[in-house]
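Here is a short note to read alongside the structure, written as numbered points. Please keep the sequence and the 3D view open while going through them.

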Amino acid sequence: MREVNFSINHSSDIPKYQQIVNSINNAIAKNVITTGYLLPSVNAFCKRYNVSRDTVFKSYSILKENGAIKSVPNKGYFVANETKKVLLVLDTFKAYKEVLYHSFINNLPDNIIVDVQFHHYNIDNFKTILNNSLGKYYKYVVMNFDHKEVSSIISKIAKDKLLLIDWNVYAHNNNYVFQDFGKAFYKSLEEAIHLFRKYQEINFLYPEYTDHPIETIKFFKKFCTDFNFNYKIITNSKEFDIERNVAYISVSDRILGSFLEQCKAKNFEPGEDVGFLSYNETPMKKFIYKGISVVSTDFKELGTKAAEFITEDKSMQYYVPTKLIIRESL
């Protein structure tokens with residue numbers, strides 16, 4: 001059986017035991033070593049790479065705990081399976097992200113293990129998650145966000161290992177699967193012009209707590225200007241008080257709940273007295289009230305394309321289509 005060189009950098013800040021773990025995991029992920037491969041003995045590893053016995057033993061113990069290798073008495077340490085670990089970093093876990101997640105997981109083979117982390121738009125969380133993960137994963141799927149430090153953080157990951165998803169910020173020359181929050185949104189609004197004409201005004205609800213890309217506001221304004229709609233942009237959720245003959249567009253499902261409560265209190269009929277268009281499809285919106293109209297990317301396809309990046313060794317630059325789904329709320 002051929003001998004494989006493992007990468008140990010004695011001047012690195014990464015602990016040597018972790019370097020050994022990372023190097024062996026990476027070799028398994030790339031099929032450089034496969035099931036049944038006999039690793040160097042602890043003593044042989046110490047001598048060849050100039051590390052302590054305790055360091056090698058700690059590394060092998062971690063790999064055993066993770067199921068990557070197994071030990072056979074009087075024979076040594078062998079690769080147990082060809083498992084590949086992938087890191088999926090999401091912003092928050094909402095209903096439509098669950099669709100993305102399950103689509104991603106269901107399109108991966110059984111030998112792929114996915115670790116999921118959430119950054120909640122907190123740059124310190126984002127930095128900690130990615131810095132602590134460097135070298136530990138076969139590939140990285142990251143939902144990034146608009147912060148000046150994001151670019152330098154993701155630049156530490158090899159470009160062929162990194163896929164950015166959802167939002168086109170700090171993409172540079174990376175692989176990506178994005179949705180279009182601008183022109184595609186505008187086009188969806190165009191498809192609903194005949195419905196918006198039922199109302200005297202369109203209000204865009206962009207509450208203070210949202211992290212939705214601001215470019216959507218820009219294209220909303222352009223749409224209203226181009227087609228002569230009266231409009232308002234409401235950024236304070238406390239000022240949200242529905243009025244008859246007004247259509248509302250919201251990027252927040254919390255606002256949707258408030259809208260339906262106010263309709264009930266004021267005896268307004270959605271789709272007749274007031275209109276509502278919600279951003280992002282979820283499995284329940286077709287069943288809420290008589291159905292909530294939505295403008296949304298296809299999160300199932302987003303998850304499928306992300307899984308394709310994991311399973312196929314090729315670059316990816318792809319925009320998932322955005323579509324309008326008309327139901328009775330508009």
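1. A residue is called buried when its relative accessible area is under 20%, exposed when it is over 50%, and partly exposed in between, using a 1.4 Å probe and the protein chains only. By that rule Y176 is buried, because its relative accessible area is 18%. F178 is likewise buried, at 0% relative accessibility. Across the protein, 50% of the 330 residues count as buried.

2. Some conventions should be kept in mind. This is a predicted model, in which local features need pLDDT of at least 70 and side-chain atom pairs count only at pLDDT 80 or more, while totals for chains, interfaces and linings use all residues. Residues are numbered from 1 along each chain as its sequence is written, and side-chain values use heavy atoms, with hydrogens and water left out.

3. On the overall architecture, the protein has eleven helices and 14 strands, where helices (H or I, at least four residues) and strands (E, at least two) are DSSP runs numbered from the N terminus. The radius of gyration is 25 Å, well over the 20 Å that the globule rule gives for 330 residues, so the protein is more spread out than a compact globule. Here the radius is taken over C-alpha atoms, and the rule is 2.2 Å times the number of residues to the power 0.38. Along the principal axes, the C-alpha atoms fill a box of roughly 80 × 35 × 35 Å.

4. Contact means heavy atoms within 4.5 Å. Among the contacts with a separation of 6 or more, 66% are between residues 24 or more positions apart. As for the surface, the protein exposes about 16,300 Å², of which carbon and sulfur atoms supply 47%; the areas come from the Shrake-Rupley method with a 1.4 Å probe, and for residues only the protein chains shown count as cover.

5. The aromatic rings deserve a careful look. A pair of aromatic rings is described by the distance of the centres and the angle of the planes. Rings of Phe, Tyr and Trp (its six-membered ring) pair if their centres lie within 6.5 Å, and planes under 30 degrees apart count as stacked, over 60 as edge-to-face and the rest as tilted. The count by this rule comes to 28 aromatic pairs. One of them is the stacked pair of Y176 and F178, with 4.6 Å from centre to centre and 5° between the planes.

6. How is the pair of Y176 and Y319 arranged, stacked or edge-to-face? The ring centres of Y176 and Y319 are 5.9 Å apart and the planes stand at 65°, so this pair is edge-to-face. The pair links distant parts of the chain, since Y176 belongs to strand β7 (residues 175-179) and Y319 to strand β13 (residues 317-320), 143 residues apart. Y319 is partly exposed, with a relative accessible area of 36%. Elsewhere, ring pairs link W167, F181, F185, F204, F220, Y231 and Y279 into a cluster.

7. Most residues other than glycine have a negative phi, and most peptide bonds are trans. N50, although not a glycine, has a positive phi of about 55°; N50 sits in the loop between α2 (42-49) and α3 (53-65) and is exposed at 62% relative accessible area. N74 is also not a glycine and has a positive phi of about 70°; N74 is found in the loop between β1 (69-72) and β2 (76-79), and at 86% relative accessibility N74 counts as exposed.

8. E201 lies in strand β8 (residues 201-205) and is buried, with 18% relative accessibility. Which residues does E201 touch, not counting residues up to four places away in sequence? E201 touches N230, Y231, K232, N245, V246 and A247.

9. G76, in strand β2, is partly exposed at 23% relative accessibility and, leaving aside its neighbours within four places in sequence, is in contact with L38, K70 and S71. G76 and L189, 113 residues apart in sequence, are 65 Å apart in space, C-alpha to C-alpha. I14, in the segment before α1 (16-29), lies 23 residues along the chain from Y37, and their C-alpha atoms are separated by 26 Å.
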